[in-house]
Amino acid sequence: MYWYHAETKHSYYSVRSNPNAMDWALQPSTYKTYPNSFEKFELDSQNLWHGIIYYAASISIKKYYPTGTERFLRVNPSAGALYPNELYFQARGIEGFEDGIYHYEVQSNRAVLLYRLKEGEGVEPYMGYETAMQGMLFLVSAVYYRSSWKYKNRAFRYCLLDAGHLLGSLESGALLMDENINIVYDIKRRELNKMFGFGSREYFLSGAMVATPLEEKVKPIKFELIYVDGSGTFEQNEHMEIAYRQTSHLLEKIAESKIPKFDYEKVRFQESILKRRSQRGFEGKPMTKAEYLKVMEVINEPILSDCDEELELFVVLNRVHHMPMGLYHKGKLVKNEDLSQRAGYLCLEQYSLGTQGAMTFFLLSNAKNYQALYQKAGIIGQRLYAISTYLEIGCSGIGAYYDDEVNAFLEQEGMVLYALAIGR
Ligand SMILES: Cc1cc2nc3c(=O)[nH]c(=O)nc-3n(C[C@H](O)[C@H](O)[C@H](O)COP(=O)(O)O)c2cc1C
């Protein structure tokens, strides 16, 4: 097991001996804003290419509380609503964008032109492509302190899961224009981090593309952007930096080229993307067998990527009509009993999710490429949110669980990456 993963396990004792009291007044900023000397323009959700970004990362609800605090939530979920990830992209040969490198300014729903493309250059070679790609190439980073401020050393896990959710949201955005997204984990992180002026506070985790190859060869683009602070305050976390560096070079990788198939009705799917929220607790109402089958179908579709790591998916069925209760693996019932209490306990005693929900999921992996496998867990999580919202079922990611006890319960040794619950 990767040492970072082993060191950041939760246990019954660790969460009690290290209570995590938060002063929300000190929360780091969740927005990165480039100075207004950069050209900026608002995204138009009616434009298909703008829409991919709008439906993947924009603010979807603004809540104001009598205490004067405000909470802006987004189409993509994030552990603790801390939103550690930033989204950058290259646009080439598409309507609605001048060819260039952009940052998505979430707070104002604007694209910020960071650099205009010149002939024969592009970000393609940093993502493993030799020729120009017509369309969009995305880069996902993490401003890690936004998450480590709350989750301390465990936050690298959340930065990766949340990045996976953002990639999964891009997949949904692309589906709206009948396109597939290809995830690229093998990006030249060191060169890109330097060109984008990140220092050690922000780092790239992955890329993705919705584009078609052209014949023209491109040279790697070279620029040096100014440093722009993305969190307001900052405290270095060595664990986060070491784990990132150690996992930045991919070991053997196997690509997935099977195209996933989804049969969402487009208008309804589009509406559901904007309506998605995390369920704060379930009422213990059941799901139907048809819903169960549909959910399993969607999350088991292949994920196009250059490094498809193997993940194991276990599901506890607490209440699904016409399905025996218990633990399932690869569609087979492996323990036939009421495990709902146990499922809630394992999710750090979040019984209102793990017990009251209809289904509780656990994702594990023994694979080697930590950044790729963790982001894949996030993508699957996002697919689960997407299909659940579409079917009007509630869903919540659960990043807090008793790692070793989940392993003992499942009789598995793999790293426990993520839990999620769905239900009503
Ligand atoms: C990786 C991840 C882990 C999460 N873990 C928990 C959790 O342990 N308990 C919980 O109640 N919510 C959890 N959530 C839900 C978030 O708190 C929620 O996404 C966030 O507050 C934003 O709200 P929204 O999803 O309604 O937009 C998690 C979400 C993600 C993406």
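Which residue in β6 is the bridge partner of Glu42? The partner is Arg110. The model is predicted: local features require pLDDT of at least 70, side-chain atom pairs count only at pLDDT 80 or more, and totals for chains, interfaces and linings use all residues. Residue numbers start from 1 along each chain as its sequence is written.

**Strand pairing around β6**

- Strand β1 (residues 39-42) runs antiparallel to strand β6 (residues 110-116), and four bridges join them; strands are DSSP runs of E with at least two residues, helices are runs of H or I with at least four, and both are numbered from the N terminus.
- Strand β5 (residues 100-105) also pairs with β6 in the antiparallel sense, over six bridges; pairing requires that DSSP finds at least two bridges between two strands.
- Arg110 in β6 stands opposite Glu105, and Arg110 is also the bridge partner of Glu42.
- Four residues separate β5 from β6 in a hairpin, and Asn109 in its turn has a positive phi of about 55°.

**Shell around the ligand**

- Pro77, Ala79, Ser278, Gly397 and Gly399 come nearest among the 18 residues around the ligand; a residue is near a molecule or strand if its C-beta atom, placed from the backbone, lies within 6 Å of it.
- Helix α5 (155-175) and strand β16 (394-398) each supply at least two residues of this shell, with the largest share, four residues, coming from α5.
- Domain 1 (3-246) and domain 2 (278-423) each contribute at least three residues to the shell; the domain bounds come from an automatic or database domain assignment.
- By class, the shell holds eight nonpolar, eight polar and two charged residues, where Ala, Val, Leu, Ile, Met, Phe, Trp, Tyr, Cys and Pro count as nonpolar, Asp, Glu, Lys and Arg as charged, and the others, Gly among them, as polar.
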